[in-house]
Amino acid sequence: AFDVGEAAGEAQAAAPWLASALVTAMALRGLSATEVADLAGAIRDSGSVLDWAPGRGPTVSLYSGIGDKTALVVAPVCAAYGVRIPKISDRGSMGGVVDKLACVPGVDVALPADAFQATVDDVGAAMVASFPELAPAGRSLRRLRESIGDDSRQLLIAAVVGKQLACNADCFLFDVKTGGQFVPDAESALELAKGLVRASKACGKRACAFVTGLHNPLGHFVGAPALELLECERILRGNEPGPGEGSLRDVAALLSAQALLMADKCSTLEEGLDLAIDAISSGAARDKLTAVVKAQGGDLDSFITAVEKGAYRTKHEIDVFFNAEDGPLEPDSAGIVQSGPLADAVGGPGATATAAAAAVPVAGLETDPVDRFVSAIDGYALGRLARELGGHPGSGVVIHGVVGSTLSPGDRLCTIMTDDPDVDLELLASRAADAFTVEPGPVQPPPLVYYFVDEDEVVHEIGASS
């Protein structure tokens, strides 16, 4: 029999090869829905389970996929209405919400469980890295899966749900991303979403899930955690959204509305959307984010002022232009920009480059007067690229050619920002250009939201674009 304690690293007497063999067998043979739920429960029971104080309001656990930033909007919006949002996130390979909040000087994202719970109870939300004692078997299972190259959806479901069960919120809201390496298409993401809801329900929890796309990145920035936090704060300030920020605002509002509905703060999703908008327009949500940051040791206002003044600007910024002619990268003639549009990008749309940059062509297009449009952006590819730009909080990608925008030769697609002098700028610029799909138009952008799986596991096709 499988010893969950060994998977959690607690029973060294069990042979590690036995655990690897069992994980391999489960991946190859597959698991029934009951077995997935049983494994999720075992992962929960491998460590401590949080116990939330009664009478402090309902709790909703939000799970978002790759490069999550929506929680920075959803958590304060919901907290403004007395809904507690305990957000526990791994320090993600694609830069999760904890990486963004950790950019604020003084913020502690490694709170112990008791301090985390006290903060959620007092302020309404907290965002921290996972505790060592919370679902340790899930982390061991992840390491085993990575060691054997497993991509089993069922084991992933068990690990995700097991961790949510250990957090022990009243209900779970899943935001499943499509377009990444593991879930390349909407149908695969839908199966994952259905599995998450089914396993949660089997374990006695209310849950629902949205399937949202990575082909239309949320917001203006990919990576650059300090700037992503600024972007979310601007939405909570009620600012008119800049390029790409409307998609972030819309998805965050949708998730907020659903969380409020699950917490019985409204009777319809439409009412929930109205509540989310009111929390933003009144400033209540922004005040909650300020309170969350303060409770975790930081000063949001000072941080935002520093970012807007360019304190997190990187040393190297590389513009990537659209070129309608097929051809090679010519850095010698075009040059590599060493200081670029970050200050303007932080200031809002309409930025103009102040130095020459590497002109990276988009292949396969002829030079003609037909308008070209950005029809899709591979957010997963840009996220992976951003993680190679170093640990500076301003390192990342600024998107200028947002989905649906018209392009002329010489228009900027994006700007790459890094403090690392050793990165291959030409290669990175070429990879960034490859992430943009440009074609004659007008084009129909891919949906922001593809599907919704409700608490009864009924699938609703949405297909809504920004």
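Q: Let's start with charges. How many salt bridges are there?

A: The general idea first: side chains of opposite charge can pair when their charged atoms come close. In this predicted model, the count comes to 21 salt bridges.

Q: Can we walk through one? Which residue does Arg 237 meet in a salt bridge?

A: Its partner is Glu 308, with an N to O distance of 3.1 Å. This pair links distant parts of the chain, since Arg 237 sits in helix α10 (residues 225-237) and Glu 308 in helix α14 (residues 300-308), 71 residues apart.

Q: And how accessible are those two, Arg 237 and Glu 308?

A: Arg 237 has 35% relative accessibility, so it counts as partly exposed. Glu 308 comes in at 37%, so that one is partly exposed too.

Q: What about Asp 319: which residue does it form a salt bridge with?

A: With Arg 412, and the closest N and O atoms are 3.7 Å apart. Asp 319 belongs to strand β7 (residues 316-321) and Arg 412 to strand β11 (residues 412-418), so the pair ties together parts that are 93 residues apart in sequence.

Q: Are Asp 319 and Arg 412 buried or exposed?

A: Both Asp 319 and Arg 412 are buried.

Q: Which residue does Arg 313 meet in a salt bridge?

A: Glu 317, at 2.9 Å from N to O.

Q: Okay, on to cysteines. How many disulfides does the structure hold?

A: A disulfide is a covalent bond between the sulfur atoms of two cysteines. Here the structure holds zero disulfides.

Q: Now the rings. How many aromatic pairs turn up?

A: There are six aromatic pairs. Take Tyr 63 and Phe 174: their ring centres are 6.0 Å apart and the planes sit at 65 degrees, so the pair is edge-to-face. The cut-off behind that reading is a plane angle over 60 degrees.

Q: Where in the chain do Tyr 63 and Phe 174 lie?

A: Tyr 63 is in strand β1 (residues 60-64) and Phe 174 in strand β4 (residues 171-178), so this pair ties together parts that are 111 residues apart in sequence. As for accessibility, Tyr 63 is partly exposed, with a relative accessible area of 26%, while Phe 174 is buried at 0%.

Q: How do the rings of Phe 116 and Phe 131 sit relative to each other?

A: Their centres are 5.4 Å apart and their planes at 65 degrees, so that pair is edge-to-face. Phe 116 comes from helix α6 (residues 113-123), and Phe 131 from the loop between β3 (125-129) and α7 (136-148), 15 residues apart. Phe 116 and Phe 131 are buried.

Q: Which residues form one aromatic cluster?

A: Phe 116 and Phe 131, together with Trp 52.

Notes
Residues numbered from 1 in each chain as written. Predicted model: local features only at pLDDT ≥ 70, side-chain atom pairs only at ≥ 80, totals over all residues. Heavy atoms only, no water. Salt bridge = Lys/Arg side-chain N within 4 Å of Asp/Glu carboxyl O. Helix = DSSP H or I, 4+ residues; strand = E, 2+ residues; numbered from the N terminus. Buried < 20%, exposed > 50% of the residue type's maximum accessible area, 1.4 Å probe, protein only. Disulfide = S-S within 2.5 Å. Phe/Tyr/Trp six-rings, centres within 6.5 Å; stacked < 30°, edge-to-face > 60°.
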